[in-house]
Amino acid sequence: MSDTTTILERLGIQSYQGGEALHSYNPSTGEAIAAVKLATSSDYEAAVAASTEAFSRWRLVPAPQRGLIVREIAEALREHKQDLGALVSLEMGKILQEGLGEVQEMIDVADFALGLSRQLYGMTTHSERPGHRLYEQWHPLGAVGVITAFNFPVAVWAWNALIAAVCGDTVIWKPSEETPLTAVAVHNIAQRVLKNHGFEGVFTLVVGDVPTVGEPMLDDRRLPLISATGSTRMGRIVAERVGRRLGRTLLELGGNNAIILMPDADLDLALRGCLFAAVGTAGQRCTTLRRLFLHRSIADAFRSKLKKAYSQVRIGDSLAAGTLMGPLINARAVANYEQAIQAIRAEGGEIVYGGSVRGGNFVEPTIAVSKHDMRIVAEEVFAPILHTIEFDHLDEAIAWNNEVPQGLSSAIFTTNLKSAEAFLSPRGSDCGIANVNMGTSGAEIGGAFGGEKDTGGGRESGSDSWKAYMRRQTVTINHSDALLLAQGIEFNFD
Ligand code: UN1
């Protein structure tokens with residue numbers, strides 16, 4: 001496809017011709033797009049060496065100056081937004097609007113990181129001793145390992161890398177093996193800026209497999225923090241292995257997100273919110289709406305509206321104009337979709353819309369009528385399958401919202417203040433994200449992003465998530481002439 005060639009050329013990507021190559025496939029067509037050199041163990045070692053060398057200098061650059069370099073990266077991303085967005089769409093399969101949105105998310109984080117570079121505040125408090133000053137300061141942590149997933153192949157790297165960079169860390173990036181090209185493109189863009197400042201090693205990219213790159217990262221004491229996005233299964237392995245060496249982890253794992261639809265809700269608003277949250281990115285966001293709790297009094301009517309809306313979702317090539325839902329990432333994802341459909345039927349659920357594979361990696365967005373306690377309902381299936389579940393009382397819906405192992409995102413649609421506040425109260429949603437009158441996905445970067453329980457507990461992107469990338473140092477300075485001990489201890493030796 002000549003369009004593809006032009007995009008790759010403009011982004012400076014040349015297909016690798018050698019033996020140890022990783023091929024990237026367009027999930028819409030199954031065709032190979034280009035190949036990338038697969039990293040060896042010595043490539044990994046070289047990346048860690050470059051990263052730790054760069055850290056020894058980067059940590060001494062004042063944070064606001066680091067911010068200015070990140071600002072240049074933001075400018076470079078702005079220049080390449082169209083091509084990068086198209087490449088994300090081509091390689092990952094999300095529609096172009098969402099591909100562009102993902103690049104915008106990187107730009108937004110870069111802008112946030114620039115401001116943050118002047119706001120890495122430490123607090124000061126009053127010492128109990130006269131002539132003493134007590135305060136906290138935040139120092140860079142070191143070379144940080146960032147492992148990203150295919151579904152947000154570049155934005156999640158930016159959440160981590162651009163914040164870590166203003167904090168004074170360097171970053172070693174292991175992207176998903178499904179999406180190496182977007183990683184190479186983004187890395188090259190950032191690299192051109194860093195090179196101008198003599199800081200190439202601040203970001204290193206290692207496109208490699210789990211045994212050669214992923215596992216060594218987990219065991220590598222030179223990487224004080226591993227930030228990983230992916231399945232709960234993967235997160236458990238990361239937490240255990242990194243925990244064994246008492247390293248830090250920042251985990252952003254599976255979600256099983258729900259919306260509670262109250263009878264007093266604005267149903268047109270809710271329809272739009274549910275549609276984007278359930279069908280957007282073909283159900284492959286960690287924030288995708290998977291469970292819709294419908295108040296019994298409006299359940300049938302809303303399900304009919306939803307089915308009508310689903311019938312208007314055009315499924316097709318991710319880059320084609322008018323497509324609202326692209327393909328799943330690969331054949332394994334399609335098989336998981338089919339298994340989940342079977343499991344729903346086997347457990348007594350009913351498929352009332354969709355449920356079939358269209359060919360290739362394309363599947364139909366699916367609506368099921370399910371029960372809250374079906375086993376399959378507790379699982380995160382990375383596909384556009386929406387369980388609709390009827391409830392009678394808000395308390396019951398909140399309990400069901402919370403009963404799954406995951407705890408990422410949640411929402412309620414209501415015009416009743418009391419219902420909204422109950423959902424947000426300590427007896428309400430147990431998730432890291434709780435929305436009112438909007439869907440579960442599409443969070444802004446300014447908030448802290450992440451969730452509880454099997455979602456891993458990490459927070460990334462906005463707010464004070466930066467603290468995860470720094471080490472805190474508590475400092476006490478004695479500017480008196482006496483050596484006073486805290487807690488009033490006397491310790492005299494003559
Ligand atoms: C993810 O799916 O891993 O809130 C991240 C959202 C996006 C990020 C999703 N801003 O849906």
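**View 1. The second largest cavity, with a lining of six nonpolar, four polar and two charged residues.** In this count, Ala, Val, Leu, Ile, Met, Phe, Trp, Tyr, Cys and Pro are nonpolar, Asp, Glu, Lys and Arg are charged, and the others, Gly among them, are polar. The model you are looking at is predicted: local features need pLDDT of at least 70, side-chain atom pairs count only at pLDDT 80 or more, and totals for chains, interfaces and linings use all residues. Residues are numbered from 1 along each chain as its sequence is written, and side-chain values use heavy atoms, with hydrogens and water left out. Look for Met 92, Gly 93, Lys 94, Ile 95 and Glu 98 in the lining, together with Thr 281, Ala 282, Gln 284, Leu 324, Met 325, Gly 326 and Pro 327. The second largest cavity holds about 30 Å³ of space. Because domain 1 (2–253 + 456–474) and domain 2 (257–444) both contribute lining residues, this cavity lies between them; the domain bounds come from an automatic or database domain assignment.

**View 2. The largest cavity, with a volume of about 60 Å³.** Its lining is made by Arg 290, Ala 340, Ile 376, Glu 379, Val 381, Ile 385 and His 387. By class, these are four nonpolar, one polar and two charged. The structure holds two cavities of 30 Å³ or more. On a 1 Å grid over the protein atoms alone, a cavity is a set of points where a 1.4 Å probe fits but cannot get out, while a pocket is an open set with protein on both sides within 12 Å along at least five of seven lines; lining residues have an atom within 4 Å of a point. Grid points are joined across faces, edges and corners, and a volume is the space filled by probe spheres set on the points.

**View 3. The largest pocket, with about 1,400 Å³ of space.** Of its 44 lining residues, Gly 230, Ser 231, Arg 233, Met 234 and Arg 332 are the closest to the centre. Helices H8 (210–219), H9 (232–244) and H12 (331–346) are the elements that each give two or more residues to the lining, and H9 gives the most, with seven. Helices (H or I, at least four residues) and strands (E, at least two) are DSSP runs, numbered from the N terminus. The lining has 19 nonpolar, 13 polar and 12 charged residues. Domain 1 and domain 2 both give residues to it, so the largest pocket lies between them.
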